[in-house]
Amino acid sequence: MCTIYEIARLCGVSTTTVSRVLNQHPYVSEEKRQHILQVMEEMEYTPSSAARTLRSHQTKTIAVSVPAVDHPFFAQLIKGISKEALDQGYKAIVLQTFYKESLELEGLQLLKRKEVDGVILGALENKWENIKPLLANGPIVLANEYHQTADIPIIGYDEREAAYKAVDYLIQSGRKAIGFCFDTESSEAQQQRRQGYLDALSAHSLPLNEDWLFGEAFTIEDGFRLMDFIHVMPDAPDAIFTGNDQVAAGLIKQAILYGYQIPEDLAIIGYDNQDICEVTAPTITTIDIPIVELGQRSVQHMIQLLQEQKPLQREHIQLPTELVTREST
């Protein structure tokens, strides 16, 4: 492969002059510049991306960390991030953590090695004290996740308000025994969602039944499992507010196999408003969140941080949510 030294030798100039042409430096005559560019083209010379990075101190690359790329929510988030990055002249690479703390930390090492300019965290697997020291290596933005004290930009939704909206709707519809699904108790976003659930119960003077709290619910298969459990409960809920639409779809399919009428016997509300909501029978009432916009806003915020070179500081941006009613309630 042709090098900058060979280009300089063929053109009869110094490597400094060739470097100035590569970097569009003004102190090179137009005649000499055109000659060097012509030789580069003839020799099919391609500047090293690593060398450009060292000169500019930027890779023009942003990493996005998500637990599962095949989850519809994270697929949409990646879509928003990738498209916006491309429109802004950046590349986006995806780091899949499989919900493992070690893989999340390993991905953040890309900042330390200057292989990326910044990282967008679509989830938060580690405790914040493990991530905070890595801010010295470059900017980190939280997208979709929440942390009470993290001193970085956080872009997401009002989880408490969204959950309150869903549960209040179920209660107004005549439901009195309402279950709540979540993924992990360690997630502060899930804790806020749970608070919305509790606040809605309290506002209507309904007691909390701990047996109606269902954790570790991520997938359609988890919805099957939860319905198997609910079906044999002596005191089962008559409505469920789930953590995502996949769980809601699993609950619906398994409930119908058991002979339930949806929503007469069991009302179900999802979360995310994924395409699956409109193809199940019955269709799924859900909380709509602007996932693609979340990805776009995260990239815009990241690029602003990179261009302005300002110190990171806490900023909490909340995008609107909306209850979309369909046949499952």
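This is a stop-by-stop tour of a predicted model, with what to select and what is there.

**Stop 1: salt bridges**

Begin with the charged side chains. The structure holds eight salt bridges, and this stop visits some of them.

Select Lys 83 and Asp 87. Their side chains meet in a salt bridge, 2.9 Å from N to O. Now show helix α5, residues 72–87. Lys 83 and Asp 87 are four residues apart in that helix, so about one helical turn separates them. Lys 83 is partly exposed, at 46% relative accessibility.

Move to Glu 161 and Lys 165. This is another salt bridge, with the closest N and O atoms 3.3 Å apart. Both residues belong to helix α8, residues 159–172. They too are four residues apart, about one turn of the helix. Glu 161 has a relative accessible area of 31%, which means partly exposed. Lys 165 is also partly exposed, with 23%.

Next, select Arg 113 and Glu 115. They form a salt bridge whose closest N and O atoms are 2.5 Å apart. Arg 113 is partly exposed at 48% relative accessible area, and Glu 115 is partly exposed at 41%.

Lys 114 sits in the loop between α6 and β3 (118–121).

**Stop 2: the aromatic cluster**

Now colour the aromatic rings. The structure holds seven aromatic pairs. Pick Phe 180 and Tyr 197: this pair is stacked, with 5.1 Å centre to centre and 20° between the planes. The pair links distant parts of the chain. Phe 180 is in strand β6 (residues 178–181), Tyr 197 is in helix α9 (residues 188–203), and the two are 17 residues apart.

Are these residues buried or exposed? Phe 180 is buried, at 0% relative accessibility. Tyr 197 is buried too, at 0%.

Go on to Phe 241 and Tyr 271. They form a tilted aromatic pair, 6.2 Å centre to centre with 55° between the planes. This pair also links distant parts of the chain: Phe 241 in strand β8 (residues 239–241) and Tyr 271 in strand β9 (residues 267–272). They are 30 residues apart. Both Phe 241 and Tyr 271 are buried.

Phe 180, Phe 182, Tyr 197, Phe 241 and Tyr 271 form one aromatic cluster.

The charged end of Arg 193 sits over the ring of Tyr 271, 3.6 Å from the ring centre.

**Stop 3**

Switch to a cartoon view. Two packed helices are described by the angle between their axes and the distance between the axes.

Select helix α1 (residues 4–11) and helix α3 (residues 30–42). Their axes come within 10 Å and cross at roughly 125°. The two helices are therefore oblique to each other. The crossing of α1 past α3 is right-handed.

α5 passes α12 in a right-handed crossing.

**Stop 4: a distance to draw**

Select Ile 140, in strand β4 (residues 140–143). Ile 140 is buried, at 0% relative accessibility. Draw a line from its C-alpha to that of Val 18: the span is 36 Å, across 122 residues of sequence.

**Stop 5: backbone exceptions**

Finish with the backbone. Most residues other than glycine have a negative phi, and most peptide bonds are trans.

Select Phe 98. Its phi is positive, about 55°, although Phe 98 is not a glycine. Phe 98 lies in the loop between β2 (91–96) and α6 (101–112). At 48% relative accessibility, Phe 98 is partly exposed.

Then go to Ile 262 and Pro 263. The peptide bond between them is cis, with omega near 15°. Pro 263 is in the loop between α11 (245–257) and β9.

Look for Pro 282 in the loop between β9 and β10 (285–288).

Technical notes: Residues numbered from 1 in each chain as written. Predicted model: local features only at pLDDT ≥ 70, side-chain atom pairs only at ≥ 80, totals over all residues. Heavy atoms only, no water. Salt bridge = Lys/Arg side-chain N within 4 Å of Asp/Glu carboxyl O. Buried < 20%, exposed > 50% of the residue type's maximum accessible area, 1.4 Å probe, protein only. Phe/Tyr/Trp six-rings, centres within 6.5 Å; stacked < 30°, edge-to-face > 60°. Lys NZ or Arg CZ within 6 Å of the ring centre and 35° of its normal. Axes fitted to C-alpha atoms, helices over the stretch in contact; angles between N-to-C directions. Parallel < 35°, antiparallel > 145°, perpendicular 65-115°, else oblique. Left-handed = near helix turned anticlockwise from the far one by under 90°.
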